[in-house]
Structure formats: C-alpha cells, structure tokens
Amino acid sequence: MKDSDIEDLLRRYRPAGPPARLRERVVAAGPPRRIWPWASAAAALLASVLSFHAAARHELGSAKVGVESTVAASLTDDLADLLGGDAAARELAALIVIEHEFRKENASVAPMATDAFAGELR
Amino acid sequence: MSDRPRDDARSLVGRLYDTYGAALYRYALLLLADTAAAEDAVHQVFTAILGHPPRFEEELHYLRRAIRNECYSALRRQQRHGERSGAGAILEPVGQAAPHDERIAVERALRGLPPEQREVIALHVFEGMTFQEIADAAGLSINTVTARYRYALGKLRRMLTPS
C-alpha cells in the first residue's frame, strides 16, 4: 500500500458530524460559571504581591517559576477544575501554581508579604 | 429589565455554531476519538464565547485554537484519571456506501494513532489544510507537522495492510 492508497482510503470517509442536539445544548448554555466571583480580584492581588516580591529580590529571572512543565500544567488544570473551570479559575490556578513553584525554588527566601499579613491575622 | 445582552450573545453563539460548529466538532472528534468528549469540548468552547466573544476577523482561528486547547486539556484529564476514550463511531462514509468492515478497519486504525497524529490527519486529509496552514494553526513547526503525518501514514499502512 502506497501513501496515496492510504490517503484515498481515508478520503472515502470523513469524521462523523455533530448530533442535532448539540446545537440546542450549545445555544441554550448560560454564561460561564463564576463560582468564585472574587477570583479575579484575588488573582490580581496575588499577581501584585508576587511581582513586588520578585522585583525586590531580582530573582524572578532565575527562579524558573513558569508553569511550562508538565507537572505544573497538570496541577494548574486540576486546580482550575476545582475552582470552577472558567477563565478566572484558570487564571487564579496558574498564579497559585506559580507562587508554589516560586516558593519551592526559593525555600531560603524570607516569608512573602502575604505570610506576614496572615501572621498578623492569627 | 431587558434580556437584550443575553439574546445577543445567544444569537452570536447560534451564528458561530451554524458557521463553524460542525467542522469544530469533527476536529474535536478526530482528536479525542470519543463522541461524548467531543460534544463536551464544543460545548465548553461555545460557552466560553458567551463571556469573551472573538473578533469577527479572527473567529475561525480563535475557535480552532480554543477547541484544540480544550481537547488537549481533556486528553490530559483522561490520562491523569486513567479514563479510556473510544465511545461512538468517529467516521462516516462520503458519497457511495462503503463496506462496513472497511469502515471499522479504518476507524480502528485511526484510533490506534496518538492524538497529535490523528490531528494532522484530520486537518490535512479531511479539512484539506496544507502542512504550513496546520503548523500556523497549531503553533508547530512545519517539520513537526510533516513528520507526524509521515508517522501516521506509516502506522496506518501497517495496520491496514492485510497480513
């Protein structure tokens, strides 16, 4: 069998089309769930704290805090699902994972601003 | 109080679904090889549109990228939770009726490919996209795309050639 034979064979078919009910399901859908309406504000606050902390120590570049690794991406997906699965949840999950990675890589670094604030609350 | 914004959003989703829904579903179906998972992926993407509608000039690019991301997220979830996909027929004959056994064999062979190779088959063979267009749409190099296609054809040949 040549490549062209395989292609000809495949072209006798096509992926099956969507069931008719899918259009109704899609159009009837409501806006994305926002289980945590304050998630955007929390994410923005967390981003500010992280940025300030990283800038102050000039270590962000070497900290490898990105969520590019498979483990981090997987963790982000899980966390985003737990937080509701919408765009805001994914944003917050990504920031939480970044902070987690950052802390792992900087175990000797002084506590972050959020820790001090949390300590005052205790 | 008016329902106008919601109605507008729904008519936008209806228009986008009528224009792109079938192609996006077919793309998702080939990637996921599971009808229910493909439906969920399309539903998820169109639900997200209600919150963030794409600009008119980039609708197709946006939707294709969104469905791709959703499908790969679904595949990662399946992998983590040990779920197996495979429910429902993923192919239908074009034009004249094809032998049932042949469709089953082709479908089984496609299911035997990794999702990223099925994706290239879907876009090149079934959607008629060039390798460069696939590379641009998927954010891959053209070498990666062509290599995946060659590997896919090789595996399909081995699986479809009678021993």
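In the predicted model, A:P15 stands opposite B:L91 in β1(B). The pairing to which this position belongs joins strand β1 of chain A (residues 13-15) to β1(B) through three bridges, and the two strands run antiparallel; strands count as paired when DSSP finds at least two bridges between them. Helices (H or I, at least four residues) and strands (E, at least two) are taken as DSSP runs and numbered from the N terminus.

Residues are numbered from 1 along each chain as its sequence is written, while chains are lettered from A and ligands numbered from 1 in the order in which they are written. As this is a predicted model, local features need pLDDT of at least 70 and side-chain atom pairs count only at pLDDT 80 or more, whereas totals for chains, interfaces and linings use all residues.

The interface involves 41 residues of chain B, which are in contact with 25 residues of chain A; a contact requires that the C-beta atoms of two residues, placed from the backbone, lie within 7 Å. On the side of chain B that touches chain A, at least two residues each come from α1 (4-32), α2 (35-51), α3 (59-80), β1 (91-93), α4 (100-111), α5 (115-126) and α7 (142-160). The most is given by α1(B), with ten residues. By class, this side of chain B comprises 24 nonpolar, eight polar and nine charged residues. In this classification, Ala, Val, Leu, Ile, Met, Phe, Trp, Tyr, Cys and Pro are nonpolar, Asp, Glu, Lys and Arg are charged, and the others, Gly among them, are polar.

Chain B contains seven helices and one strand, arranged along the sequence as α-α-α-β-α-α-α-α. Of its 163 residues, 34% are buried; a residue is buried if 20 or more other C-beta atoms lie within 10 Å of its own, exposed if 12 or fewer, and partly exposed in between, with C-beta atoms placed from the backbone. Among contacts in chain B between residues at least 6 apart in sequence, 67% join residues at least 24 apart. Chain A has six helices and one strand, in the order α-β-α-α-α-α-α. Buried residues account for 20% of the 122 residues in chain A, and 76% of the contacts in chain A with a separation of 6 or more are between residues 24 or more positions apart.

Within chain B, α2(B) and α3(B) pack at an angle of about 130 degrees, with their axes 9 Å apart. Axes are lines fitted to C-alpha atoms, for helices over the stretch in contact, and angles run from 0 to 180 degrees between N-to-C directions. The two helices α2(B) and α3(B) are therefore oblique to each other, given that angles under 35 degrees count as roughly parallel, over 145 as roughly antiparallel, 65 to 115 as roughly perpendicular and the rest as oblique. In this contact, B:A37, B:A41, B:V42, B:Q44, B:V45 and B:A48 of α2(B) meet B:L63, B:A66, B:I67, B:E70, B:C71 and B:A74 of α3(B). These residues divide into ten nonpolar, one polar and one charged.

From α5(B), B:E116, B:Q117, B:V120, B:I121 and B:H124 meet B:V145, B:R148, B:Y149, B:Y151 and B:A152 in α7(B). By class, the contact has six nonpolar, two polar and two charged residues. Helix α5(B) is mostly covered, with nine of its twelve residues buried, among them B:R118, B:E119 and B:L123. After α5(B) comes B:G128, whose phi is positive, near 75 degrees.

B:L29, in helix α1 of chain B, is buried, with 27 other C-beta atoms within 10 Å. Leaving aside residues up to four places away in sequence, B:L29 touches A:P15, A:A16, B:T35, B:A38 and B:I90. B:L29 and B:R118 lie 89 residues apart in sequence and 9.9 Å apart in space, C-alpha to C-alpha. In the loop between α1 and α2 of chain B, B:A33 has a phi near 55 degrees, a positive value in a residue other than glycine. Most residues other than glycine have a negative phi. B:A33 is also buried, with 23 other C-beta atoms within 10 Å.
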